[in-house]
Amino acid sequence: MADISLSEAEKRYIVDGVKLGIRVDGRERLDYRQLEIETGLVSTANGSARVRLGCTDVLITVKMEMEPPPPQQPKDGQIHFFVNCSANAAPEFEGRGGEDLATSLSAMLDRLYSSPLSLDTSRLCVVPGKHVKVLYVDVEILECGGNLFDTVSLGVKAALWATRMPRIYITGEDGGELEFMVSDNPQEVDRVDVSNAPILITHLRITENLTVIDPTPEEECCGPVQVVVGVTPKGLITTTQQLGAGTFAPQTLSASLKSAQELGVKIHHQLMQRLQQEESIPNRKTKGFL
Amino acid sequence: MGLVERKLKVFYRKTKKGNIIKVVREHYLRDDVWCGYEGCGQCECEKPTLDMPDISDSTLVPESHLIMIDTNVALHQIDVLCDDSITNVIIPQTVVGEVRHRSLPIYKRLRDLIETSAKKFYVFTNEHHSECYVEREAEESANDRNDRAIRVACWWYKQHLRLCNQKVILLTNDYANRDKVRAMELEAYTTREYVSSLKNRPGLLDIVASGEEDKGEDTITQRCLYAPHWSMDKIRQFLKTGKVRQGCLKTSRNNFLEANVLVEGLDKSVLIQGRLNINRALNDDTVAVELLPEDQWCRPANVIIDQEKQEEENKDKEEADEEAIKKEDDLLAAGQGEGELQPTGRVVGIIRRKWRQYCGIIKKNEITESLRHLFIPADKKIPFIRIETRQPDLLYDKRIIVAIDSWPRDSRNPKGHFVRIIGPVGDKEAENEVILLEHDCPHTKFSEAVLNCLPKMPWIITEKDEAERNDLRHLDICSVDPIGCTDIDDALHCRKLANGNFEVGVHIADVSHFIRPNTALDKEAQNRSTTVYLTTRRIDMVPDLLSSNLCSLRGNVDRFAFSVIWEVSPKAEVLSFKFCKSIIRSRGEMSYEQAQQRIDDPNMQDDLTNSLRNLNMLAKQLKKKRIDAGALVLASMEVKFHVDPDTDTVVDIVAKQHLETMSMVEEFMLLANVTAAECTLKHFPDCALLRRHPAPPHSNFEPLLLSAKSQDIELDVSSNKALAESLNSVTRDNNPFFNSMLRIMTTRCMMQALYFCSGTLEPAEYNHYGLATPTYTHFTSPIRRYADIIVHRLLAVIIEADRTYPDLLNPKKLADLSQHINYRHKMAQYAGRGSAVITAIASLRGKTSEFDAYVLMLHKNAIQVLVPTIGQQLTLYLDKREKKKEEKTKPTKGAEPMEVDETPAPQFEFNEKELFVKCGSVIIRPFDHLKIQVTVDTSDVQHQRVVSKLIEPVIPGFSVPPLKRESSESKETTSKKRKK
């Protein structure tokens, strides 16, 4: 992630602040920054969302394709994640510099959505063994301003929520193969069920036994070790991962998990509320990048 | 003024592969789309199309008014719109788009109307008008949305023209829509209401299409034309229980809507009629067939239905698919023959597709910018294929190759894609290539690896060779072949022995010496299996160096040969034979004509000529023996084309002459083949490569017998001998071609002769029916047939001149090989014939020719005739359509009403039982002599078709006058008229 050079004094200032329960930008330890979200801004994709969290800016698009399923899962659709770290986001992403981060992000997302409890892929099946829907989720990192994992996971969920897939009718059978056709009405669409789609909550250990969430890049310089927790809307932890070199004390870790669980439920709730609100605006004009 | 807003049009599209693509198109709305009305003060239209209409004729709308139409009116009442009285019409862009989508021919007519300035048809670009654009609502069908768009456009016009007091009415065919329009306080009528209110147009109402008050077709309920194919599991299950049968589908040559499936366990093939029952199966596919109940069995149709002709007739009215199919079915039903009922079935599934790439041409599409085109395969048994191309102009007059991708249920024709261009239509190279590709003949250049297997030049005979081979260079050997033959693979000699017998030798090019087993050269030759002879090109089985040089037994050079030498008594009894590898030196390469001259010329008394005379003498006796044994003498209609190599034009067509020397060479070749067959079979009872000719089943003779019966001739087909005798006994004095014709027809009843491996069949099946020999093989043409090379190798092993190799003695491998050779052989034959057809047509191009023709077969709507002069079979259609066309082309005739009355369209009466076609007093039977006039219609490169017309016997109203006497004949008719 974007490296920022901080002097020892600056770091001490941030850490001491957290110890006192107050952060440089005025937030408390477990406060999120303001989140801006817009869906449906890429008209050619099936679903898209752009999320800004502080300076972090990510664009997520979802494209649907029809493909034959892998033989061992003939009745399941698939979801694939691709992350690209734009060199605009940070100079060190230039060339293949962003690859490591991109791989760890996409691996994290793969893991997050791998369970049928988070996304029911059997509903993406069209003709078992022949045609299933495959969702390609492309994540473009436009700007890095800390807390990338959380932002991306929120964006993915929003983009999936905004995804519209044309309705498919099975028209009959021919030579033992089911035939299907696409509804000619572009308004007639199916959506992805995101009611169980998890998000990520990251805790940064900033000192001994204190953690903060939604760290700024400066804060990320102070504490090298983070724990990323995947939480479903019902508060179920789906995955955890530790990032960076360092250790968590057991009680810190369990406290982080617990707070991630609680926070996750709240953020899920708020996110869905906002998304529904956005959808209810009639003839909404997309804002996009202009 | 200008752009107002950007909209995004989103729709989803399924690709060929089944993927789904979201398509987003930008759509800009403007506020400067003019109304096109002259009296409007607000619009800045430069040349308004619409003007103040005259006083209205209509009682419904007494004021002058503009008319706006909706899609259904354009689609169904285009004839009304064409009437001169209908002017000042506004056509919303929505309507134009929908019409284009639904029916291209009507779209074309509509465009023509729009371009006719007198009609004052104005296209209102409502889709881009900021006030008229409507977006499709969630629950709305595409049709409803378009109807709404039209209503909104109409509403806009009303508001817009209110200032200048101009009225606009909407015509629709749909009552529901009319009422919706009226609810918007607009005036709307159905076409019928409006037209019937017009005062001075009584005739116009007749043109109003009836019953077309809109059905409100829903585009979502997609029409699937064909029944679904069963799954493989289901087919397998039903095959087991015997409810469906499996077999290879063969489309009828004469009728593309009919096919036969050869099913095991039934003596008759299963008949399949109609597009729906054939259910997307193509010729040669292996299909599962369900038999229909016996009361639905049919007789094979006795009409010739040509796809291209069919399609052309329907060109004007591109009907809905169902209608077209119904029409085809009617046609079939009308053509129902009177023969026996045949088991009839329908295809329920396809077990194995035999799709390949097809050669053909593109059908011209009326809408030039259209992407979709119909492809017409060269093979008449293959249905038209729908392809998409962005370069139609490039492809129109080209022969192209197309591959089939799929044939979905909702598509009348299979869908495919363009592969590559072969060349321009009519080009010699391209036409040859088409033939070779269509018949799967390998015709690429020989590869480097193959050429590396050839002996290095200069080639010399080494001492080792001389030691291994019999030196026969002292013998007077010569070859007798057709003129211009460069691949000479046989030579003969004959000398009198001291004991009064003759020593006769047949020397065959020793190709197996040069083509060693399992080399690249061998594999290539094996793959090609045979040399293919087209009229203007020869595709060699082995490279030129071998076929025309080292293996060719040319005169006065030393060549390797594989010889068979008999001792023959003066009564032509074979006393002994021996095979050996030899070195020979031919004394001369003679043509049949030269050899004949030598024999006939009493002054020639040299050794060579005398040996030819002896050979000839022996050959006659051999032939007599063979015919006594029951060999058939059959005939074909082969002709020889003399083609000018520079201009590619046919200079002359000559029937193949028959000379004694031909049968002389033939007899000894047969003898050599029989000897080789006996010899190999004796030594290798399990793996000799033989050639058999099965006796045809009696049913094969039925058409022949029926035709013969119509001429009061009874043929005995019980055995080959009986058949040969009855063929010899029949002649007709008034018809010199009669006997040949009968033999040609007999040939068509025969089965294919086949190569096989002796181990795979019972000895009783080895029989050769046509030649009346118990065993037969091919030994004498190894340059142009691969089977002969195998026979050579076997014989070489027998005489211990060569080693064997595993594949040679493996009956399974040999059986596979013979299958392959049979296939290639058959295809090469077809290719040769196809090439002759094309050359014959090319020779007819650009002139009107008259020929003697003989009736081969009668059908309900056509007569098939043989034309010996060009060696072709032509079809003479008996329908009246040709007649009509003619009248159109000769307007002077058509203008005279008397003429038309005098010659009513002739009625042809077809009697299938006794097989004749009757028209007035004229009766046409098989074998009858006709005079026909043949032209090749070259007006359209795409449709070069042979058109044949009858000259004699004269059938009023159908036959045409002969060319030269045309003027005198016309005088006659006029004088007759005067008398009346």
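A polar contact is a pair of N or O atoms within 3.5 Å; within protein, one must be able to donate a hydrogen and the other to accept it, and residues adjacent in sequence count only if both atoms are side-chain atoms. By that rule, nine residue pairs (both at pLDDT 80 or more) are in polar contact across the interface of chain A and chain B. This is a predicted model, in which local features need pLDDT of at least 70, side-chain atom pairs count only at pLDDT 80 or more, and totals for chains, interfaces and linings use all residues. Residues are numbered from 1 along each chain as its sequence is written, chains are lettered from A in the order in which they are written, and side-chain values use heavy atoms, with hydrogens and water left out.

Let's stay at the interface. Counting contact as heavy atoms within 4.5 Å, 27 residues of chain A touch 28 residues of chain B. Together the two chains bury about 2200 Å², 51% of it on carbon and sulfur atoms; buried area is the accessible area (1.4 Å probe) that two parts lose on being put together, summed over both. Asp174(A), Asp184(A) and Pro186(A) supply 20% of the area that chain A buries against chain B, more than any other three residues.

Now for charges. A salt bridge is a side-chain nitrogen of Lys or Arg within 4 Å of a carboxyl oxygen of Asp or Glu. How many salt bridges are there between chain A and chain B? The count is zero, while over all chains it comes to 63. One example is Lys7(B) with Glu135(B), whose closest N and O atoms are 3.4 Å apart.

On a 1 Å grid over the protein atoms alone, a cavity is a set of points where a 1.4 Å probe fits but cannot get out, and lining residues have an atom within 4 Å of a point. There are four cavities of 30 Å³ or more. Of the 14 residues lining the largest cavity, Phe256(B), Ile278(B), Ala281(B), Pro383(B) and Trp407(B) lie nearest its centre.

How values were computed. On a 1 Å grid over the protein atoms alone, a cavity is a set of points where a 1.4 Å probe fits but cannot get out, and a pocket is an open set with protein on both sides within 12 Å along at least five of seven lines; lining residues have an atom within 4 Å of a point. Grid points are joined across faces, edges and corners, and a volume is the space filled by probe spheres set on the points.
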